[in-house]
Each structure stands twice: as C-alpha cells, then as structure tokens.
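Subject: Structure for you to look through

Dear colleague,

Please find the sequence and structure below, followed by my notes on what was found.

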Amino acid sequence: ATLGFLRRQSLAPSPARRAAPVGTGRPWSGFVDVAGGQLHLRRAPGTEGVPLLVLHDLGSSATALEPLLRGLVGGRPLVAPDLPGHGESDRLGATTPAEIAARLAEALDAAGIGEFDVAAIGASAALAAALRKALGTRLRRTALIEPLPSLAGDAAALARALLPDLVADSAGSHLARAWMYLRDRS
C-alpha cells in the first residue's frame, strides 16, 4: 500500500548534490559508475604526489575516515571509497576481494586516477593485496593499518576477530552488544 501511495505522488526530482569546490580544506563526495551500479567516493584535492586511496575497514564506511582525511587534506590527492555494500555504495554483486578490487579499479579509472598508493585499514588489507594482483605496478606503495592476523580458511576465527561475543544469554544483553557493535561501526 505504501509503495502504491508513493507511486501516485508527483514529486519533483531532488536536486543533484554538488561537490564542494576545490580548496575548501574538506573532503567532498561524489559517485562514479561501475559495473552493476555506483561507488560513493570521498575525495580531496592535493598539490603534490600520487593520489592516496584510503580503504575503510569492512563493516564501516568512508564517513568514519573523515577525521583522518581532514588531517591529510592539502598534501596529496585523497580518495576514500565506500566499499561495495557499505555506506552509500551499491552492493554491485562484489563479494570476494578480487571482485571488489575489480570494482575499485573501475572507480579509479572513472575518476581519472592512474598510479596511486593505498592505505588499507583492518580487513581491507585483503583488498589491497587483490588490487596489487589486479593492477600490478599501477599500485605503487601499500600501507596496512591494523590488519587482521592471517585467518585464511578459518571462518570461526575470522568471526571471533571481527564480531563481539554474541552468545545468547537469558537477559538479552547479547542483543545490546550486537546493536552497539553495529552503531559504533558506522
């Protein structure tokens, strides 16, 4: 019924969000088209060096990187995408590191970025490795910030590393822990 009501409304399309002008000292947002949808990018211009691609931890978004990005504005160009299925980016059907790296490569191409460096936070370290494999020397340098320990093939250990203790208890506090985990990750 709600969908039917909304379809009957004649609303003017919302105005396109304009990017902040260059030189504002703040990252600005935009979207790039890739296979299967769009990726949301936070960007900031720079005066020297190759662009730095900053990858947020899985389960987070580029919005969580805002304080870091503001601290880096003014040096080199910055690009911080919302990974597929995170923040304002579409899911894109990309679930493996190789598939996500392919979408990121498309986004870099669409943004006109050739060579770049990458800083990967937490579990996105796997994406940095996949980008290196996919793009070779186009990815110049890689910095891993708090990467997860090697958990290849151990799904239970990976879940323990990424998630809070969600063992059900009679008071329901596991639900509060789950909610706070999700709230704090954005």
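**The sheet and its helices**

Helix α3 (residues 97–110) lies across β1, β2, β3 (52–55), β4 (78–81) and β5 (116–121), and runs at about 115° to β1. Helix α4 (residues 125–135) also packs on the sheet, where α4 touches β3, β5 and β6, and the direction of α4 makes about 170° with that of β6.

Before going further, please note that this is a predicted model, in which local features need pLDDT of at least 70 and side-chain atom pairs count only at pLDDT 80 or more, while totals for chains, interfaces and linings use all residues. Residues are numbered from 1 along each chain as its sequence is written, and side-chain values use heavy atoms, with hydrogens and water left out.

Some terms need their cut-offs: helices (H or I, at least four residues) and strands (E, at least two) are DSSP runs, numbered from the N terminus. Axes are lines fitted to C-alpha atoms, for helices over the stretch in contact, and angles run from 0 to 180 degrees between N-to-C directions. Contact means heavy atoms within 4.5 Å.

The sheet itself is open and has six strands in the order β1-β2-β4-β3-β5-β6, with mixed pairing (two strands pair if DSSP finds at least two bridges between them). The edges are formed by β1 (28–34) and β6 (139–145), each of which has a single partner strand, so one side of each is left without a neighbour in the sheet. From one strand to the next, the twist averages 25°. Strand β1 runs antiparallel to β2 (residues 37–44), and seven bridges join the two; Gly30, for example, has Leu41 in β2 as its bridge partner.

**Around Ser124**

Ser124 lies in the loop between β5 and α4, and with 0% relative accessibility Ser124 counts as buried (buried means under 20% relative accessible area, exposed over 50%, and partly exposed in between, with a 1.4 Å probe and protein chains only). Leaving aside neighbours within four places in sequence, Ser124 is in contact with Leu55, His56, Asp57 and Leu58. The side chain of Ser124 reaches the backbone oxygen of Ile121 at 2.7 Å, and a polar atom of that side chain lies 3.2 Å from the backbone oxygen of Leu55.

**Salt bridges**

Side chains of opposite charge can pair when their charged atoms come close. The structure holds eight salt bridges, a salt bridge being a side-chain nitrogen of Lys or Arg within 4 Å of a carboxyl oxygen of Asp or Glu.

One of them joins Glu66 and Arg70, whose closest N and O atoms are 3.1 Å apart; both residues lie in helix α2 (residues 66–72), four residues apart, about one turn of the helix. Glu66 is buried, with a relative accessible area of 11%, whereas Arg70 is partly exposed at 41%.

Another is formed by the side chains of Asp117 and Arg140 (3.6 Å, N to O). This pair links distant parts of the chain, with Asp117 in strand β5 and Arg140 in strand β6, 23 residues apart. Asp117 counts as buried at 3% relative accessibility, while Arg140 is partly exposed at 35%.

The side chains of Arg177 and Asp169 also meet in a salt bridge (3.9 Å, N to O), and here Arg177 is partly exposed at 29%, as is Asp169 at 28%. Finally, salt bridges that share partners join Arg76, Asp117, Arg140 and Arg141 into one network.

Notes:
Polar contact = N/O pair within 3.5 Å; in protein donor to acceptor, adjacent residues only side chain to side chain.
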